[in-house]
Amino acid sequence: MKLYYAPNACSLGIHVLLEEIGKPFELLKVDLAAGAQYKEPYASLNPKSKVPALLRDDNSLVTEWPAIAWYLAKTNPEARLLPETIEGEVRTLELLDYMVATVHMRGFTRMFRPAAFTPTSADEPAVKQTGRDIVTAGYKLLNQALGAKAYLLGDYSIADAALFFLENWGPRANLELPEGLAGHLERMRARPAVQRALKAEGLA
Ligand SMILES: N[C@@H](CCC(=O)N[C@@H](CS)C(=O)NCC(=O)O)C(=O)O
């Protein structure tokens, strides 16, 4: 199995899950700053030009954070990365979709790449502010979803790996985490799998 990633991108969450599972995998860096995602050979491998992408041993590719995480959790049940009930699964999907489709794609992406949202450079500060508002609302809502629990669904799950990359972007976006999320981030950073992933990406 090979994970295409970029340091401190959303792929960090998938990297953490692979480390939690503990089976051998190869880490292949895509230099997003140099535009490698739009050039060969990556553009042919993954025409979406995004990371993460998981290349399985049969040479088939899985893209999209929630699909990759779900695949890894389902094919490695011994790692206990998903709740066992339908209700738990539904709540996991609900959280994943909100974190990836809203907080990441509509919020952080506006802050990090405002030019992708407007052809007019004068509009970029307003685009960034909209992104900031979406992320701030997202942090608040996720903080409420976490409540007094150690992890989003009680037990550790793939949802915590998604929350982790969002929390880890807080300082990069100059955003303070609500108290509950700050505690969750500390718990995540204390996990050996997270420490190994941060070290491998040069972020430790
Ligand atoms: N919907 C995708 C989004 C992935 C995504 O936006 N990845 C970013 C890094 S965090 C990326 O590869 N950006 C490169 C680009 O857009 O040029 C997913 O859930 O995996």
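Modeller: Helix 4 gives the shell around the ligand its largest share, three residues. This is a predicted model, and the description that follows should be read as such. Helix 4 spans residues 86–112, and helix 3 spans 65–75; each of these two helices supplies at least two residues of the shell. The space that the ligand takes up is the largest pocket.

As to composition, the shell residues comprise 10 that are nonpolar, three that are polar and three that are charged. There are 16 residues around the ligand in total, and those that come nearest are Q37, Y38, K50, E64 and R113.

In Y38, a side-chain N or O atom is found 2.5 Å from an oxygen atom of the ligand. For K50, the corresponding distance from a polar side-chain atom to a ligand oxygen is 2.6 Å. W65 takes part through its backbone instead: one of its backbone N or O atoms is 2.9 Å from an oxygen atom of the ligand. With regard to burial, the ligand taken alone exposes 520 Å², of which the protein buries 89%.

E40 and P41 are joined by a cis peptide bond, with omega at about 10 degrees. P41 itself belongs to the loop that runs between strand 2 (26–29) and helix 2 (42–45). A cis peptide bond also links V51 to P52, and here omega is about 5 degrees. P52 is placed in the loop between helix 2 and strand 3 (53–55).

One further backbone feature concerns N8. Its phi is near 60 degrees, which is a positive value in a residue other than glycine. N8 is located in the loop connecting strand 1 (2–5) with helix 1 (11–21).

Technical notes:
Residues are numbered from 1 along each chain as its sequence is written. This is a predicted model: local features need pLDDT of at least 70, side-chain atom pairs count only at pLDDT 80 or more; totals for chains, interfaces and linings use all residues. Side-chain values use heavy atoms; hydrogens and water are left out. A residue is near a molecule or strand if one of its heavy atoms lies within 4 Å of it. A polar contact is a pair of N or O atoms within 3.5 Å; within protein, one must be able to donate a hydrogen and the other to accept it, and residues adjacent in sequence count only if both atoms are side-chain atoms. Accessible areas come from the Shrake-Rupley method with a 1.4 Å probe; for residues, only the protein chains shown count as cover. On a 1 Å grid over the protein atoms alone, a cavity is a set of points where a 1.4 Å probe fits but cannot get out, and a pocket is an open set with protein on both sides within 12 Å along at least five of seven lines; lining residues have an atom within 4 Å of a point. A molecule sits in a cavity or pocket if more than half of its atoms lie within 2 Å of its grid points. Helices (H or I, at least four residues) and strands (E, at least two) are DSSP runs, numbered from the N terminus. Ala, Val, Leu, Ile, Met, Phe, Trp, Tyr, Cys and Pro count as nonpolar, Asp, Glu, Lys and Arg as charged, and the others, Gly among them, as polar.
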